[in-house]
Amino acid sequence: MLEAAHIRVTCDACRTETAEVCGKRDLPTMARVAAVRKFKAVGWHHDPGGHHSSHRAEKDSESSGSGRWYCPACSRRTHL
């Protein structure tokens, strides 16, 4: 039995905009990867942040969606 994985991000700049995806019938790890793609497709910007010790750690952070997220309006600002 699989539970639906709800993935929600909040904009780290304005803290008002949110985006959410429900990964029905997906394993949580696959739902996260799909959510990252969907968020980026509609204009959200992902900044994995931090200094990673290896390229693999950076890639894992990128695919899991950890780090800062910015809504489309805030991601258009040049200071991010």
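Two strands pair if DSSP finds at least two bridges between them. Strands (E, at least two residues) are DSSP runs, numbered from the N terminus. The model is predicted, so local features need pLDDT of at least 70 and side-chain atom pairs count only at pLDDT 80 or more, while totals for chains, interfaces and linings use all residues. Residues are numbered from 1 along each chain as its sequence is written, and side-chain values use heavy atoms, with hydrogens and water left out.

Strands E1 and E2 run antiparallel and are joined by six bridges. Within this pairing, Ala5 has Gly23 of E2 as its bridge partner. Strand E1 shows two faces. Ala5, Ile7 and Val9 form the covered face. His6, Arg8 and Thr10 form the uncovered one.

Two salt bridges were found in a search of the whole structure. A salt bridge is defined here as a side-chain nitrogen of Lys or Arg within 4 Å of a carboxyl oxygen of Asp or Glu. One joins Arg8 to Glu20, with the closest N and O atoms 2.9 Å apart. This pair links distant parts of the chain: Arg8 lies in E1 (residues 5–10) and Glu20 in E2 (residues 18–23), 12 residues apart. Arg8 is exposed, at 54% relative accessible area. Glu20 is partly exposed, at 44%. These classes rest on relative accessible area: buried is under 20%, exposed over 50%, and partly exposed in between (1.4 Å probe, protein chains only).

Asp12 and Arg15 also form a salt bridge. Their closest N and O atoms are 3.3 Å apart. Arg15 is exposed, with a relative accessible area of 56%.

Methods:
Helix = DSSP H or I, 4+ residues; strand = E, 2+ residues; numbered from the N terminus.
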